Structure formats: structure tokens, C-alpha cells
Amino acid sequence: MKVPQRLRPLVEEGLVDDVLSQLMSGKEATVFVVRCGDEVRCAKVYKDAKQRSFKNAVSYTEGRKVKNSRQARAMEKGTRYGKQMQEELWQNAEVDALFKLAAAGVRVPKPYICTDGVLLMELVTDAEGDVAPRLNDVELSPERARECHQFLLNQVVRMLCAGVIHGDLSEYNILMAEDGPVIIDLPQAIDAAANNEAQVHLQRDVQNLATYFGQFAPELLTTQYGKEIWQHYVAGTLTTETPLTGQARIDNTPVDMAGLMQEIEATRREQEARLRRMQGISEPGRDN
Ligand SMILES: Nc1ncnc2c1ncn2[C@@H]1O[C@H](COP(=O)(O)OP(=O)(O)O)[C@@H](O)[C@H]1O
Ligand SMILES: [Mg+2]
């Protein structure tokens, strides 16, 4: 097919030889099958920030690092340079996550390079060598559903052990390759330690898996793997071998009532003092 405008720089740089077909034009990106030498690969062309939807929200990008404070200030001010930095940060987040996760033993497409707003990666294929279908498009027996669910839970745990939460994990972002499920679409990947809403994102990802596989194996619908995984993560006991039961632990630690009351009283006093200071009234016993 005719080389789309956005892929021309890669053709000129010799990274891509031919564009074979267009796979998908989703909300965030347009995906092409390309030929690089004698290999067939996948090229994901990111859409402009303006055309993108929810994924750029602060809730996802919180805690992401920039190289220096000049860039951070420019991004805060929203200057043109700042916006360009933000774009690069967003696009590089996916290739960074792919390299990191592949190293952590997560089955993701092998990344090659991200340049000119295009991510070049392995094309995930099925047993026939065709482009792999999305999980959403395959029928599963109850056994196969349980097996894939367990495998994907372990992938989620591996990701979390590497400090990453997918953030948009669902049957639309998992491909069924010849060798099993492959997780894709990671520009919104979340830094588990730096993001205040990490737990919410993790539990939603895990819940999406239970809901999807629960169609084929209904007993999965009532499991609590997300909570359980998070409890292990917070307690520092999560490893890729941690046995999971699907039940979250009930917190039986007795509450220290006296301590709690003291804490509340101290907070109340601080708040009162703050109010007095704001109103310009000096605190009793202090003549400032
Ligand atoms: N490496 C890949 N191999 C095969 N197909 C892919 C690959 N990456 C993406 N796709 C296809 O393109 C679609 C969109 O890609 P995705 O990364 O999910 O972007 P979007 O943000 O637009 O959802 C996927 O649902 C999948 O069908
Ligand atoms: Mg997607």
C-alpha cells in the first residue's frame, strides 16, 4: 500500500522497507503491518494528544520522571516545548514499559525502536502465522479460560514485581498468540510506587480479567485476586511464586482505640490553632 505520511520518516531512515496493510485505527493509535528486510513487523503510530482520549489523564502519568527541571517547568507551564516534551514522554512510556516487562519475563511484543511518534515492534501472530486475534474475539472452554486467567494473573504479578501496572488491561489489550496470551498497549502504564491511585488501577485491571474469563468459568466472578495481590505487594511479600487463593485477607489487627482517640484530639487541636492563626488571633498563652 501507499506509505502513509507518518511512516515516511521511518522509510527514509531505512527502518521500514514496505507498508503491507493497516490493522486498526483505534482511539489512541493507528497500527500497520510493515516489512523490515525479510521480517514482518508491527508499526504503531500514535495520534496527537488532541485526538487522544482518557489515557493521558494525570491519574495515569503521575510519578513519571522527566530528565531535568527545565523540562518539568515547561510542561507545567504548557509551553510548546513543554507540550512536545509531554508527547515524547507519553510515546516513550510504552517502549520503556515493553523493554522493562520483557526483562521481567512478561510476554509482551518485542520492541525494536520508538522514533518520530512510531513504535516498531514484533507482530504478534497465531498458529497460522496470521495476525493474532484479540482475546475478545476468541471462544474459550472453561478449562482454557481458567488456564489463561491463571497465566495472566501471574503476568500481572510479574509486572507489579517490576513496579508496573498496566492501567488499561482488558480483553481488548490481550492478543491470543500461538504461544498463549500476549499483553499489549502500554503507553498509560503506571508507576506502582509513585502513583497515588495505583491500587485502584491494579484492582480494576484484575477485575477486568475475572469479569471476562468469568463468562466461561463463572466461579471466577467472585474471586478477589486484585485485593489479595495488593495486600501482598504492600506487605512486601509479593513474588512471582506467591501462591494466590482468590480470597483477600480480612484485617484482624485490633484497633488501638485510646491511641486513635488521642490522634483525633491532636488533629482537632492543630486544626483549631491553624484557624486561629488564619484569623490573626494569637494562641492562648502565646503573645505573638
Ligand atoms: N504487536 C502487535 N501485533 C499484532 N497486532 C497488534 C499489535 N499491537 C497492536 N495490535 C493490534 O492493533 C490494535 C490497537 O493497538 P493498541 O496498542 O491496543 O492501541 P490503541 O491504543 O489504539 O488501543 C490492537 O487491538 C491489536 O488488534
Ligand atoms: Mg488498545
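These legends describe several close-up views of one predicted protein model. Residues are numbered from 1 along each chain as its sequence is written, while chains are lettered from A and ligands numbered from 1 in the order in which they are written. Because the model is predicted, local features need pLDDT of at least 70 and side-chain atom pairs count only at pLDDT 80 or more, whereas totals for chains, interfaces and linings use all residues.

**View 1. The two domains.** The protein is divided into domain 1, residues 19-235, and domain 2, residues 258-288, with bounds that come from an automatic or database domain assignment. Taken over C-alpha atoms, the centres of the two domains are separated by 48 Å.

**View 2. The surroundings of ligand 1.** Ligand 1 is surrounded by 22 residues, the closest being G26, E28, P109, V124 and D185, where a residue counts as near if its C-beta atom, placed from the backbone, lies within 6 Å of the molecule. At least two residues of this shell are supplied by each of β1 (18-25), β2 (29-36), β3 (39-46) and β5 (118-122); strands (E, at least two residues) and helices (H or I, at least four) are DSSP runs numbered from the N terminus. The shell divides into 14 nonpolar, two polar and six charged residues, with Ala, Val, Leu, Ile, Met, Phe, Trp, Tyr, Cys and Pro counted as nonpolar, Asp, Glu, Lys and Arg as charged, and the others, Gly among them, as polar.

View 3. D185 counts as buried because it has 24 C-beta neighbours inside 10 Å, the cut-offs being 20 or more other C-beta atoms within 10 Å for buried, 12 or fewer for exposed, and in between for partly exposed, with C-beta atoms placed from the backbone.

**View 4. I229 in the nonpolar core.** The largest nonpolar core has 60 residues, and those with the most contacts inside it are L160 and I229; such a core is a set of buried Ala, Val, Leu, Ile, Met, Phe, Trp, Tyr and Cys residues joined through C-beta atoms within 7 Å. Leaving aside neighbours within four places in sequence, I229 is in contact (C-beta atoms, placed from the backbone, within 7 Å) with V156, V157, L160, L202, V206, L238 and L244.

View 5. The 20 residues of α5 should span 28 Å at 1.5 Å a residue, and its end C-alpha atoms are 29 Å apart, which agrees; the expected span is 1.5 Å times one less than the number of residues. Buried residues of α5 include L152, V156 and L160, and among the elements covering its buried residues are α4 (80-103), α6 and α7. R158, also found in α5, is partly exposed because 17 other C-beta atoms lie within 10 Å. Not counting residues up to four places away in sequence, R158 touches A104, G105, V106 and T240. After α5 comes G163, whose phi is positive, near 85°.

**View 6. Helix α6 and its cover.** Helix α6 has 17 residues, 198-214, and reaches 24 Å from its first C-alpha to its last, close to the 24 Å expected at 1.5 Å a residue. Its buried residues include H201, L202, D205 and V206, and the cover over the buried residues of α6 includes α5 (142-161), β6 (164-165), β9 (190-191) and α7 (225-235).

Key:
Contact = placed C-beta atoms within 7 Å.
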